[in-house]
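Open the structure in your viewer and keep the sequence beside it. This tour goes from stop to stop, saying what to select and what is there.

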Amino acid sequence: MAEIALFISAFLAATILPFSSEAAFYLAITNEMPILNAMLSASSGNILAIILNYYIGYFLYEKTKTKLFKSKSGKKTYGLGHKYGYFTLLLSWLPLIGDPLTLVAGLVRLKFVWFVIIAGSLRVLRYYVLTLML
């Protein structure tokens, strides 16, 4: 049951909602949840949520593309997002800015496989580093 609660907490934390999966992860480990279970629950919840964010951004593109490409700054911003998007995903694990970056990744239509590899592995790495700090 605790694994499900941690999964949900990590999922909500990776959306734009103001949740902290790190606090829930810390609580789970200090309450003697096996580290592997905590890592799997938190990582899978977090990764599924960033996939949801990506697809929200992906579908927002269809709604906003005419407005986006009408302006010169919109075209430039889209081009920069597409050109540097994979590098900015390296910041996607950070609190506050990371989750909107996963939405923007979908908006600028970064390749889904690379998105999951980069952003997903950073989410797992974040929890791993937290276990080393405990």
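This is a predicted model: local features need pLDDT of at least 70, side-chain atom pairs count only at pLDDT 80 or more; totals for chains, interfaces and linings use all residues.

**Confidence and overall layout**

Residues are numbered from 1 along each chain as its sequence is written, and side-chain values use heavy atoms, with hydrogens and water left out.

Now switch to a cartoon view. The protein has six helices and zero strands; helices (H or I, at least four residues) and strands (E, at least two) are DSSP runs, numbered from the N terminus. The C-alpha trace spans about 55 × 25 × 25 Å along its principal axes. Of the 134 residues, 36% count as buried, where buried means under 20% relative accessible area, exposed over 50% and partly exposed in between (1.4 Å probe, protein chains only). Contact means heavy atoms within 4.5 Å. Of the contacts with a separation of 6 or more, 75% are between residues 24 or more positions apart.

**The nonpolar cores**

Select I50, L89, A105, L110, F115 and A119. In the largest nonpolar core, which has 14 residues, these touch the most other members. Helices α3 (35-70) and α6 each give two or more residues to this core. A nonpolar core is a set of buried Ala, Val, Leu, Ile, Met, Phe, Trp, Tyr and Cys residues joined through side-chain atoms within 4.5 Å. Next, centre on L110: leaving out residues up to four places away in sequence, L110 touches Y54, G81, H82, G85, Y86, L89 and A105. A second, separate core has 10 residues, including L6, F25, M39 and A42.

**N53, T15 and I35**

Select N53, in helix α3. N53 counts as buried because its relative accessibility is 3%. Beyond residues up to four places away in sequence, N53 touches A14, T15, D99, T102 and L103.

Move on to T15, in the loop between α1 (2-13) and α2. T15 also counts as buried, at 12% relative accessibility. Its contacts, apart from neighbours within four places in sequence, are A49, N53 and D99.

Then select I35, also in α3. Is I35 buried or partly exposed? At 45% relative accessibility, I35 counts as partly exposed. I35 touches I29 and T131, not counting residues up to four places away in sequence. The C-alpha atoms of I35 and F25 are separated by 9.4 Å.

**The largest pocket**

Finish by selecting A13, F19, P95, L96 and D99. Of the 21 residues that line the largest pocket, these lie nearest its centre. Helices α2 (21-30), α5 (98-107) and α6 (112-133) each give two or more residues to the lining, and α5 gives the most, with three.

The pocket is found on a 1 Å grid over the protein atoms alone: it is an open set of points where a 1.4 Å probe fits, with protein on both sides within 12 Å along at least five of seven lines, and lining residues have an atom within 4 Å of a point. Its volume is about 270 Å³, meaning the space filled by probe spheres set on the points.
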